[in-house]
Each structure stands twice: as structure tokens, then as C-alpha cells.
Amino acid sequence: MIKRISHVGFVVRDLDETLKLYERVFGLKPSVVKDAMDGKVRIAFVPVGDGEIELIQPLDPTIPLGRFLQTHGQGIHHISLTTDDIDSDVNRMRSEGVTFDALKPRVGAHGVRIIFTTPETTGAVPFELCEER
């Protein structure tokens, strides 16, 4: 069952500059800054209340996040929803016509299982399902 919004993911050109902006303007600091996807992206998680902002800087222009940045520029990439049973939610959503970017969930940057919806089947908004930790 979907429980809450986990985080909102933003693609950025320069992670360090964006983090400086967030600290200066909002007074927010990251809890985590790390490389992910075998060094193809740098990410930061910025806590806000009981949720987070995920900042993603693609380092490889050939991966989907790199192509997203080239095509759309900086901005919102996805909304992540926490679920207590990702397999059940994926099956239920598939029965409602939702398609996903993969056949099954994989381990994401937080070390938990994730899967992304295709925006064409979820009202033009890409959602990430993220299993509770």
C-alpha cells in the first residue's frame, strides 16, 4: 500500500552549485552526497520535514538521466512514493494499465527496491515506487 511521498527528484547540471543555492536560500543541507549508478550520476539527499529532495547530476550524457537533462533541462524528474509492499502495488497498478521502466524492482540509491512508472500511463508524471526501509 502506498504510504507517503518519500522524495521529489530533480535533475541538475551542477550538484555542488545547487547545494550551495539550497543552503544559502533555504538553509537546507544534504544528509548524503554520493556517486551512484556505477559513477554515472552524483546524488544528494536533502531532508525537508519527513521527506527529502533528491538532487541528481548525470555525469554520463548517454544514460536516460543525461538525455533527460539535455532534452528538458534542469527540473523535476520524478515523485517517489513509499510503499510497504512494492510487488503487490506493482501488480495492482499493472492490472490498472500502468507500465513500468523495468519488469521488476531493482535496488536504488537508498539501498531499497524501486521501480519507475512510465509517465504516459500515470498522467504525464513519472512516479518512483520505493519500498519502505
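In this predicted model, the largest nonpolar core comprises 10 residues: Val11, Ala36, Val41, Ile43, Phe45, Ile56, Ile63, Leu65, Phe68 and Leu69. Strand S3 (41-48) and helix H2 (64-72) are the elements that give two or more residues to this core. A nonpolar core is a set of buried Ala, Val, Leu, Ile, Met, Phe, Trp, Tyr and Cys residues joined through side-chain atoms within 4.5 Å. Helices (H or I, at least four residues) and strands (E, at least two) are DSSP runs, numbered from the N terminus. Leaving aside neighbours within four places in sequence, Leu65 is in contact (heavy atoms within 4.5 Å) with Val11, Met37, Val41, Ile56, Pro58 and His77.

The whole structure holds 1 aromatic pair (ring centres within 6.5 Å; planes under 30 degrees apart stacked, over 60 edge-to-face, the rest tilted). Tyr22 and Phe26 form this edge-to-face pair, at 5.5 Å centre to centre with 80 degrees between the planes. Both residues, Tyr22 and Phe26, belong to helix H1 and stand 4 residues apart, about one turn of the helix. Their burial is tabulated with these classes: buried under 20% relative accessible area, exposed over 50%, partly exposed in between (1.4 Å probe, protein chains only).

| Residue | Class | Relative accessible area |
|---|---|---|
| Tyr22 | buried | 11% |
| Phe26 | exposed | 54% |

Mean pLDDT (the predictor's confidence in each residue, from 0 to 100) is 96 for the protein chain, with 100% of residues at 70 or more. Confidence is lowest in strand S6 (residues 106-107), at a mean of 94, and highest in helix H1 (residues 15-26), at 98.

Residues are numbered from 1 along each chain as its sequence is written, and side-chain values use heavy atoms, without hydrogens and water. Local features need pLDDT of at least 70 and side-chain atom pairs count only at pLDDT 80 or more, whereas totals for chains, interfaces and linings use all residues.

Terms used
Rings of Phe, Tyr and Trp (its six-membered ring) pair if their centres lie within 6.5 Å; planes under 30 degrees apart count as stacked, over 60 as edge-to-face and the rest as tilted.
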